[in-house]
Amino acid sequence: MDGWVGVGVKIFVMIELASLGDFVIGGGMVSTDDLLAIAELLPLHREEIWEAASRITSHYHGRAFDSCSIVNARSGRCGEDCKWCAQSLHYNTHCDVYGLIGPEECRRHADASRQHGIGRFSMVTSGRKMGGAELDRACEIIKGEAEVGGLGLCASMGLLGKEELRKLKEAGVTRYHCNLEAAPEFFDTLCSTHSVADKLESIRQAREVGLEICSGGIIGMGETMRQRVLLALELRKAKPVSIPINILCPIEGTPLECAEPLSEEEILDTIALFRIAHPTAILRFAGGRGKLSRAGQLKALRIGMNGAIVGDLLTTVGSTVQADRELTAEAGMDWN
């Protein structure tokens, strides 16, 4: 971390941690070695590190809380073998299976978001990628929502190429979602049908056509804290404006159905490290926030979370709009 520590990762403790928030607020970028060192210091200096992350969040984001919602627009029958996923055809999970929803169904979900004052809305589809006639139909649906207005429009449709991404942008999408999910060294143990490099290439092409990027990952899949730090650092390559942090909800029938749950402290530590690595990005509650108690969720909002996917998720139930409004009000945040 140029200009901050410079004395070796084991020496900086109290005085350097006290200056961490100032360093990042002043525009400093924490290096790989230093973020890994900060992670090692968490057991003994948790409160100082959480406080530094909290100061960074307050400086860059104030009281703002960013809301979005998603619709599971095509479900199941995915040929990818991601070990956490209920929608993979490689596992027997009994998830819902259906093709691309129609415009009326999408409008029903989008209108609900408008009525609840949610800021953004995303169509999410299963499978390696959308294409052909189905992508064209999806673009027509998105055009209809863009004409109605009142929502920022997103899409999550797999490993698309530049021309497919350009079609989405022309239809009205402003932000493309593609999670890295895990650090490359760990991701390769979870999925054999595509790689983090494949994801980053699709993300690069999305940026080239002028789309913002939403990209995050899942914690609690058996990774180490070091591998969570490496995910946070890998995400810098994606340059995301929004980072969803999912906490694994083990799905019966998947290889991770018996994964050990993370402690609240591990989850909050991870949020703090992500905030230090990504001071200006929205850190977004996604799947699994129920793994935190209400008190834990309030701590997460203080430390670094400043957004959420609201409502039902893909194959699990999220949080209600009313519950999230009450939570953010208690945390002193303003709903966007």
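By class, the lining of the second largest cavity has seven nonpolar residues, no polar ones and one charged residue. The model you are looking at is predicted, so keep that in mind as you work.

**Exercise 1.** Find out which residues line the second largest cavity, and which elements give two or more residues to that lining.

*Solution.* Start with the count: there are three cavities of 30 Å³ or more. The second largest cavity holds about 40 Å³ of space. Next, pick out its lining in the structure: Cys106, Phe121, Met123, Ile142, Glu145, Leu153, Cys154 and Val173. Finally, turn to the elements. Strand E2 (120-125), H4 and strand E3 (152-156) are the ones that give two or more residues to this lining.

**Exercise 2.** Work out how helix H4 and helix H5 are placed against each other: what is the angle at which they pack, and how far apart are their axes?

*Solution.* Two packed helices are described by the angle between their axes and by the distance between the axes. Helix H4 spans residues 132-148 and helix H5 spans residues 162-171; they pack at about 25°, and their axes are 8 Å apart. Because angles under 35 degrees count as roughly parallel, H4 is roughly parallel to H5.

**Exercise 3.** Which residues of H4 and H5 meet, and how do they divide by class?

*Solution.* On the H4 side, take Leu135, Asp136, Cys139, Ile142, Lys143 and Ala146. In H5 they meet Glu164, Lys167, Leu168 and Ala171. Sorted by class, the residues of this contact are six nonpolar, no polar and four charged.

Note on methods. Residues are numbered from 1 along each chain as its sequence is written. This is a predicted model: local features need pLDDT of at least 70, side-chain atom pairs count only at pLDDT 80 or more; totals for chains, interfaces and linings use all residues. Side-chain values use heavy atoms; hydrogens and water are left out. Axes are lines fitted to C-alpha atoms, for helices over the stretch in contact, and angles run from 0 to 180 degrees between N-to-C directions. Helices (H or I, at least four residues) and strands (E, at least two) are DSSP runs, numbered from the N terminus. Angles under 35 degrees count as roughly parallel, over 145 as roughly antiparallel, 65 to 115 as roughly perpendicular and the rest as oblique. Contact means heavy atoms within 4.5 Å. Ala, Val, Leu, Ile, Met, Phe, Trp, Tyr, Cys and Pro count as nonpolar, Asp, Glu, Lys and Arg as charged, and the others, Gly among them, as polar. On a 1 Å grid over the protein atoms alone, a cavity is a set of points where a 1.4 Å probe fits but cannot get out, and a pocket is an open set with protein on both sides within 12 Å along at least five of seven lines; lining residues have an atom within 4 Å of a point. Grid points are joined across faces, edges and corners, and a volume is the space filled by probe spheres set on the points.
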